[in-house]
Amino acid sequence: MSPGAPLAAGAAGPMTPEPLRVRSLRRETADTWTVSLDVSRRPGGFPFQPGQFNMLYVFGVGEVAISISGDPGRPAELLHTVRTVGAATHALRGIGRGGTLGVRGPYGRPWPMEEARGQDVVVVAGGLGLAPLRPAILHLLRHRAEYGRVSVLVGARTPEDLPFRRELARWQEDSRLRVLVTVDKASPGWTEHVGVVPALLSDVEVDPARTVALMCGPEVMMRFTVRELERRGVPDARIHLSLERNMKCAVGFCGHCQLVPYFVCKDGPVFPYEKLRPFINLREV
Amino acid sequence: MPPPLPPLEHHPFLRGLSPEQVSAIACGIRELSFPAGALLLREGEQADTLYLLRSGRVVLELNVPGRGTTQLETLKAGDILGLSWLFPPYRWSLDARAVEPVDAFALDASCMRGPTPEHPVLEPALAMRLLRHLYDRLERVRLQRLDVYKAGA
Amino acid sequence: MPEVTSSAPEEGRAQLSLEQFAALLAALRGEGWRLVGPTVRDGALVHEDISGAEELPRGWTEVQEAGTYRLARREDGALFGYSVGPKSWKHLLFVPRLRLMSAHREAEGFRVESEPTEPPRLALIGARSCDLHAIAVQDRTFLEGPYKDPDYAARRERLFVVAVNCGQAGGTCFCVSMRTGPRATFGFDIALTEVLEGGHRFLAEAGSERGAALLSRLEARPASEEDIQAADAVVERTAQSMGRTMDTTDIKGLLYRNLEHPRWDDVAQRCLACTNCTLVCPTCFCSTVEDTSDLRGDVAERWRRWDSCFTLDHSYLHGGNVRHTIRGRYRQWLTHKVASWWDQFGTSGCIGCGRCITWCPVGIDITEEVAAIRATDGARSGA
């Protein structure tokens, strides 16, 4: 599957961002925002594939790799969901409506939506890991008849830390999806699950012969979930993980995001577990 | 009309055991239903029952003075609930509350508890399944206490 | 751009006198090429701008050992009587510091100006086979992936390469075992072999049409069978006197199955994580990006500069670093260099120049580290 044509591949060079205006900002959680960028001046909008990311540039501050969290079927809208954790993401949050961000992308290997066609799909999201999976879920809903059972398992620290909460509630009402939500720490009144994401798997019917798992979240959470899926007999070629590493250039030049043989930016960020198995449990790779 | 609930021997905790093994483990079986909000276990009370959850969800709660009720973990259909009957002083160590209507088999712990003069050893099949269950729960707790979603965690 | 040659035809070889060699450099200058070649500076042989043959390190050589480098006098007047100095050609193609763009604040947002790339036309004088291999290795990173680095590409296109087949192996060289030398086989316009016995002269071989054209303008006499044999003997002698060897048998498998080998703990005790090896390595390509703005906040710039996997920040992931110990970082470097490079680029990242050995302040020797792991293949560290 070839990624969408990068927007800055011309004479300007792959490291040059394109300025785009912030159309709106929506608060997801105390520290997480969804930023909508105006792509109305670009012919065809901003096409991308589920699981791809962009490099977002804040004037004079720096650049950060952020997953595209919008609907791949609606390229006229470009969404990123950003958690304010460092200098660039704080500055990004400070831009505000009407401000301008630099964008280059889309980059990276997407979720295997083609390969998953005709299969049951188990989507496993931890925390903001839901952001790169949201385009996959929207794709599945748009092409619902082409897939088997679709389960979405979502974990977060607390109920207040769940991104896309209203949409999650809508999905829970949607008979085309089975959506289970769990938190590590519940507040009083919480009536969904309390506990870790892998525990939700026991509530999902998994037919190992026809299940594809798409997973994004903290690496430890993913390792535990992979183990649970393996117990259920899902082959590791069909368990797909989206990894996070230090991505500076996103085009395979800078060397920062290496994971032994891979450049996470261009060989990933989505990998089948069979490719990660030899390395993922090692320290400091 | 929901499909009928599977019988006792099909519960994941017992599935695969011979009828003899099931009858050795399970005695005084009651089929119970709890409305949402009902307490299945109450901290400090005598622990004499193993629940095999058949439908619905149960949350384990601990009252922390000053912080109110803390929800620790959700158990659901297919899980087992209540193991404090295994060891003295045979009292529940936390509360378990139905989050939604719950159906469960309640097994009398006296048939399983051991070693006693009547049951000199814990039934091996039961012991292995309890170990497996406890190990799974231990793994979950390890992951949960890592607090993996914390910023910079 | 130099064209790859198969074996050069006999008629493409010529015998150059010292005067003709000097004329060759002068001719290149005359054609507008900026000459970059070896010259003595700060006690080392480095590649710098030179004006002609007179600035070459005549009569100098170097003594290299693990953690040791010093210049020494030769008893003859060889111009290329050394192996490789600290600088490869990397800094001329993958430049250490590069402005990628500038951004200018405007009433609404900002405007981005990418940097024009009009690099100089450089003639590399005295490129060794290992370094030509290194350039080919970096080509795979910057030109042959899904994205092209425009600055590298532009610089790469404006090169004239005068290679020199090594007449002497350095104390830390191991190109023979890496199959990267000592004879230049591709990537040059002209390749020279400096012959000292029986009169100081050069055997010249064209590697491209423009190289051949230039040689023909020098009106050099065609090389005789004896000339060629004399030059071959020089290269053969060099090949026989390598300072080091590295057994590359299944080296990727070896490293991949020994990621928990106790040798990593051992080398971590010695390694200072000073980054020297990555800076002198002609294939290391890590870089970082720095964004700056002027005090008024009207103009922002983005600069790329060399980085090293030995720095803690290299593997920064919000809140921590993936490779937080020197053990992890040295393992990353060595494993990448000789093993995962194969997966990434279909080639070894190590070309056997030995610079990382010479310039390591504590004398860590990549060939020794690989050999140590090989000797106890499968051992596991408890760490």
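## Cavities, aromatic pairs and a buried aspartate

The largest cavity has a volume of about 140 Å³ in this predicted model. A search of the whole structure returns ten cavities of 30 Å³ or more. Sixteen residues, written as 16 in the count, line the largest cavity, and Cys271(C), Cys277(C), Tyr330(C), Cys360(C) and Ile364(C) lie nearest its centre. Two or more lining residues come from each of helix 10 (276-280) and helix 11 (326-345) of chain C. The lining comprises 14 nonpolar and two polar residues, with no charged residues.

Over all chains, the structure holds 27 aromatic pairs. Two of them are set out below.

| Pair | Geometry | Centre to centre | Angle between planes |
|---|---|---|---|
| Phe279(A) and Tyr256(C) | edge-to-face | 5.5 Å | 80° |
| Phe80(C) and Phe202(C) | edge-to-face | 6.2 Å | 75° |

Phe279(A) belongs to helix 7 (residues 273-280) of chain A and Tyr256(C) to helix 8 (residues 251-256) of chain C, so this pair joins two chains. Both Phe279(A) and Tyr256(C) are buried. Phe80(C) lies in the loop between strand 5 (68-73) and helix 2 (90-93) of chain C, whereas Phe202(C) lies in strand 11 (residues 201-206) of chain C; the pair therefore ties together parts 122 residues apart in sequence. Phe80(C) and Phe202(C) are likewise buried.

Charged groups also meet aromatic rings. The charged end of Arg93(A) sits over the ring of Trp33(A), 3.5 Å from its centre, and that of Arg97(C) sits over the ring of Trp303(C), 4.2 Å from its centre.

Asp189(C) is located in the loop between helix 5 (175-178) and strand 10 (190-195) of chain C. Asp189(C) is buried, its relative accessible area being 0%. Its side chain makes polar contacts with the side chains of Ser208(C), at 2.6 Å, and Arg210(C), at 2.9 Å.

Terms used: Residues numbered from 1 in each chain as written. Chains lettered and ligands numbered in written order. Predicted model: local features only at pLDDT ≥ 70, side-chain atom pairs only at ≥ 80, totals over all residues. Heavy atoms only, no water. Helix = DSSP H or I, 4+ residues; strand = E, 2+ residues; numbered from the N terminus. Buried < 20%, exposed > 50% of the residue type's maximum accessible area, 1.4 Å probe, protein only. Polar contact = N/O pair within 3.5 Å; in protein donor to acceptor, adjacent residues only side chain to side chain. 1 Å grid on protein atoms, 1.4 Å probe; cavity = no way out; pocket = protein on both sides within 12 Å on 5 of 7 lines; lining within 4 Å. Points joined across faces, edges and corners; volume = space filled by probe spheres on them. Nonpolar A, V, L, I, M, F, W, Y, C, P; charged D, E, K, R; others polar. Phe/Tyr/Trp six-rings, centres within 6.5 Å; stacked < 30°, edge-to-face > 60°. Lys NZ or Arg CZ within 6 Å of the ring centre and 35° of its normal.
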